[in-house]
Amino acid sequence: MRDKIYVFLDFEFNCPEQKGMNKREIISMAAVFRYSDGSPLTTFYSLVKPSRLSRISARTKSMTGITQSQINRSQSFDKVSEQFLQLVECFSPSEYFVWGNADGIEVQKSARYSHADKRMYDISGKFHDLQVDIMEELSLPNPYNLERVADIYGIDFTHTFSAIADAECLAKIYFAYRQGLYDEEKLALYKKFYQYREVIGRYKLTTNNIKTSGIRLESLKKSLEALEEGTDSYINQRSKIEETERYISEQQLIADRMKSDVDEAERFLADNKLNM
């Protein structure tokens with residue numbers, strides 16, 4: 001039945017080179033309109049010129065393939081969202097789906113920066129995070145990226161940081177999810193992958209602790225050479241050295257116990273051609 005219309009949205013962002021900078025802005029927007037029986041209605045896609053930082057980073061260009069000249073020729077988010085809102089007004093969608101909880105926040109930021117129509121605030125507040133439904137359906141402890149979820153549902157998809165491709169994939173995942181069309185073997189494979197990835201992550205953290213503490217130990221020993229034996233400063237430094245040595249020993253024991261699991265995990269990843 002075609003009693004409802006759904007919209008599946010995705011956005012790409014300008015990601016500054018400097019870490020920790022809260023200057024992400026939307027640089028492309030895509031929306032796929034589908035009838036509730038899964039049949040296509042229409043699509044919307046546009047590049048977006050950021051309002052605050054119009055220069056896009058080299059990292060963004062590399063990931064998305066979007067060029068600075070394309071951005072320069074684009075319209076700001078208020079103009080782009082107005083075009084989208086015309087479709088919304090025409091078709092009166094029942095629900096808006098996204099992947100992850102960040103898109104709603106980013107839409108509100110871009111709407112605020114560009115003084116977009118207030119309706120974009122209202123719509124972004126209604127975004128339905130399909131990721132939450134999928135995690136519950138598949139009993140996943142942690143979120144999976146779109147490409148791996150697509151694989152579980154038998155959808156041929158490679159993530160290329162294209163908003164329209166991601167929105168199309170999201171629509172396909174939704175209708176496959178609604179029909180319960182996931183591959184149990186693929187799901188088991190990915191669950192094991194994430195378990196092993198956690199094992200490898202813990203091991204790397206432990207070995208990094210050992211390395212960092214080893215550097216600190218050498219520094220402490222070098223500083224000790226300049227101190228007079230028997231003084232309070234000398235005794236205090238010796239105490240720090242012994243404490244660091246104990247910590248390294250403890251961490252090494254943990255790493256040694258983990259090593260066989262790590263070897264098994266790395267063999268699994270190699271055998272199944274899975275990347276971390």
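The model is predicted, so to speak of local features takes pLDDT of at least 70, side-chain atom pairs count only at pLDDT 80 or more, and totals for chains, interfaces and linings use all residues. Residues are numbered from 1 along each chain as its sequence is written, and side-chain values use heavy atoms, with hydrogens and water left out.

- Six strands make an open, mixed sheet in the order 4-3-2-1-5-6; strands are DSSP runs of E, at least two residues, and helices are runs of H or I, at least four, both numbered from the N terminus.
- Strand 4 (75-76) and strand 6 (127-129) sit at the edges with a single partner strand each, so one side of each has no neighbour in the sheet.
- Pairing here takes at least two DSSP bridges between two strands.

**Around strand 2**
- Strand 1 and strand 2 run antiparallel and are joined by ten bridges, with Phe11 partnered by Met29 in strand 2.
- On to strand 3: strand 2 (residues 25-35) pairs with strand 3 (residues 40-49) in the antiparallel sense over seven bridges, and Phe33 stands opposite Thr42.
- Those two strands form a hairpin with four residues between them, and Gly38 in the turn has a positive phi of about 95°.
- Eleven of the eleven residues of strand 2 are buried, so the rest of the structure largely encloses it; buried means under 20% relative accessible area, exposed over 50%, and partly exposed in between, with a 1.4 Å probe and protein chains only.

**Helices across the sheet**
- Helix 6 (residues 130-138) lies across strand 5 (95-98) and strand 6, at about 25° to strand 6.
- Helix 8 (residues 163-178) lies across strands 1, 2, 3 and 5, at about 140° to strand 1.
- Axes are lines fitted to C-alpha atoms, for helices over the stretch in contact, with angles from 0 to 180 degrees between N-to-C directions.

**Helix 6 against helix 8**
- The two axes come within 11 Å and cross at roughly 40°.
- Leu130, Asp133, Ile134 and Glu137 of helix 6 meet Leu170, Ile173, Tyr174 and Tyr177 of helix 8, where contact means heavy atoms within 4.5 Å.
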